[in-house]
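Work through the exercises below with the sequence and the 3D structure open beside you. Each task is followed by a solution in steps.

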Amino acid sequence: MRRLLIAIPYLWLLALFIVPFVIVFKISLSDLAVAIPPYTPTLDIAEGWAGFKAFLAELDFENYIWLTEDALYWKAYLSSLKIAVISTLLTLLVGYPIAYGMARAPEEWRAMLFMLVILPFWTSFLIRVYSWMGILSQEGYLNQVLLWIGVINEPLVILNTNIAVYIGIVYTYLPFMILPIYAALEKLDISLLEAAEDLGCSRFSAFWLVTIPLSKQGIIAGSFLVFIPTIGEFVIPSLLGGSRTLMIGKVLWEEFFSNRDWPVASAVAVVLLLILIIPIVLFQRNEQKQREADQ
Amino acid sequence: MRRMTWFNVTSLTFGFAFLYLPMVILIIFSFNESKLVTVWAGFSTKWYGEVLRNTAFLDAAWVTVKVAFLSSCLATILGTMTAIVMVRAGRFRGRTLFSGMIYAPMVMPEVITGLSLLLLFISLGMDRGVFTIVLAHTTFAMCYVSVVVSSRLVSFDQSLEEAALDLGCSPVQAFRLVTLPIIAPAVISGWLLAFTLSLDDLVIASFTSGPSATTLPMKIWSSVRLGVSPEINALSTIMILVVAIGVITASLINKRNVMRQRREEEAADKLA
């Protein structure tokens with residue numbers, strides 16, 4: 001009974017999560033071919049051991065070498081990292097005051113405010129990104145408003161630039177930043193701040209010396225939750241970014257769907273995974289520490 | 001309690017305006033008469049008519065709902081099993097790998113998950129369509145369900161289960177009669193989460209579906225690439241409305257259940 005209970009989800013995840021990665025790795029070592037499926041070699045079980053050896057002999061790291069030779073790929077990796085870092089910082093800047101305001105709001109409001117932050121989670125990601133296209137375009141609502149106020153004389157070009165990508169990322173990932181920071185700030189004992197102020201701290205230095213360090217865990221968790229998925233982001237750079245916005249998720253998609261180069265797409269995926277392992281492990285450690293601290 | 005400072009009020013106002021304004025604008029302009037989305041030309045519901053007459057959208061919506069329903073049911077069953085294993089099964093071989101496999105899909109970029117599953121389906125020679133999307137969605141949604149359910153499993157009093165076992169219940173009976181009713185709200189919200197995750201997914205569905213099955217996000221994607229259109233605004237409004245009604249109803253039901261449970265617990269305390 002217990003065995004069966006463990007075995008069913010275990011085998012499911014092995015078959016549909018681990019095995020696919022093994023296949024991706026294998027195909028990343030293969031060569032592009034004009035065939036169905038479009039790569040060689042394919043393993044033929046009927047040929048037995050000799051066939052397997054021949055199959056192994058044909059695998060090589062050519063695609064990975066290719067990734068280092070063509071500037072497109074490492075530029076895309078670097079630019080994804082850069083975009084992820086900048087947008088994580090921006091999300092923190094926008095999200096922290098909101099989380100702070102929520103934690104300081106009267107208690108009877110908090111459940112409502114919490115619900116208001118969660119609700120966008122449930123609405124379609126695609127629609128939320130799409131809604132910015134109408135706002136940021138050349139004849140969009142933002143430019144209309146700015147021209148009408150008279151701040152600018154010429155419409156700004158925002159859509160199809162990296163600025164639009166940053167706005168889109170901050171907008172869609174904001175709840176991921178707000179929630180952990182809010183959770184940390186809500187636990188914070190206000191009397192600590194009062195003590196700091198009694199002891200002669202100014203409001204600001206009390207905030208800097210007490211509030212920020214005590215919400216550190218929330219800041220770290222929120223930053224990882226924004227940073228990790230942003231690196232592989234595809235929808236936002238494709239809809240809001242321009243042709244010059246390089247992100248590795250977009251490169252992978254195009255390599256696969258437009259160029260139909262499955263081996264290179266697989267190699268791109270493997271390298272992306274290797275890059276992501278570091279932040280994911282750091283994030284897990286942080287969560288672990290948090291859990292131990294709570295107990 | 002401290003009074004709200006002007007700073008907190010401003011940051012909340014601006015923050016929530018930022019979160020909600022784009023969607024409000026989208027909803028308002030879905031009622032725009034003009035084909036030009038950025039110019040207001042009077043109130044009209046004609047784009048809603050267009051959406052409801054567009055059979056391509058309706059077909060895609062049907063595929064999406066089918067996929068979401070099947071995958072969320074499967075994900076709920078598997079995810080609940082996973083949660084029970086994680087919280088109650090104690091030590092077993094390969095536990096670390098198991099917990100890794102639960103958390104990893106949640107942080108994995110969708111392009112990688114999609115690509116790897118597609119390559120699996122191809123090497124197995126499977127025909128791609130509704131079935132393969134269901135398999136893919138179940139796999140990542142079950143991880144979310146297991147997280148939601150295990151947080152509830154951790155927090156409730158395990159002695160209730162032990163009491164049921166002592167009183168002669170089989171483990172299955174104890175689960176059905178004691179554990180399941182207690183974790184039911186978490187299981188339901190897990191199901192809802194799985195359902196909306198599946199409704200929403202573009203990237204994984206694009207990789208794992210074949211020519212026979214197009215989901216609504218895929219359909220929206222291909223028309224959105226060409227720019228903003230009033231029809232998509234109307235369709236988006238309908239989707240936002242459906243989700244909002246669903247989430248609000250669910251939270252009301254949940255609130256009522258919590259209240260009832262609290263009343264029952266108080267009554268039980270009085271008796272004791």
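**Exercise 1. Decide whether B:I240 is buried or exposed, and find what surrounds it.**

Step 1. Count C-beta atoms: B:I240 has 22 C-beta neighbours inside 10 Å, so B:I240 counts as buried. The rule is that a residue is buried if 20 or more other C-beta atoms lie within 10 Å of its own, exposed if 12 or fewer, and partly exposed in between, with C-beta atoms placed from the backbone.

This is a predicted model, in which local features need pLDDT of at least 70 and side-chain atom pairs count only at pLDDT 80 or more, while totals for chains, interfaces and linings use all residues. Residues are numbered from 1 along each chain as its sequence is written, and chains are lettered from A and ligands numbered from 1 in the order in which they are written.

Step 2. Helices (H or I, at least four residues) and strands (E, at least two) are DSSP runs, numbered from the N terminus.

Step 3. List its contacts, where two residues are in contact if their C-beta atoms, placed from the backbone, lie within 7 Å. Leaving aside neighbours within four places in sequence, B:I240 is in contact with A:T123, A:I127, B:M23 and B:I27.

Step 4. Compare sequence and space: B:I240 and B:M23 are 217 residues apart along the chain, and their C-alpha atoms are separated by 8.7 Å.

**Exercise 2. Decide whether A:I152 is buried or exposed.**

Step 1. Locate A:I152 in the loop between α7 (141–149) and α8 (162–187) of chain A.

Step 2. Count again: A:I152 has 10 other C-beta atoms within 10 Å, so A:I152 is exposed.

Step 3. Not counting residues up to four places away in sequence, A:I152 touches A:L146 and A:L147.

**Exercise 3. Describe chain B as a whole.**

Step 1. Count elements: chain B has 11 helices and 0 strands.

Step 2. Take the extent: along the principal axes, the C-alpha atoms of chain B fill a box of roughly 70 × 65 × 35 Å.

Step 3. Of the 272 residues in chain B, 40% are buried.

Step 4. Among contacts in chain B with a separation of 6 or more, 79% are between residues 24 or more positions apart.

**Exercise 4. Why is α13(A) called roughly antiparallel to α14(A)?**

Step 1. The axes of α13 (residues 248–257) and α14 (residues 262–294) of chain A come within 8 Å and cross at roughly 160°. Axes are lines fitted to C-alpha atoms, for helices over the stretch in contact, and angles run from 0 to 180 degrees between N-to-C directions.

Step 2. That angle makes α13(A) roughly antiparallel to α14(A), because angles under 35 degrees count as roughly parallel, over 145 as roughly antiparallel, 65 to 115 as roughly perpendicular and the rest as oblique.

Step 3. Sort the residues of the contact of α13(A) with α14(A): 10 are nonpolar, none polar and 1 charged.

Notes
Nonpolar A, V, L, I, M, F, W, Y, C, P; charged D, E, K, R; others polar.
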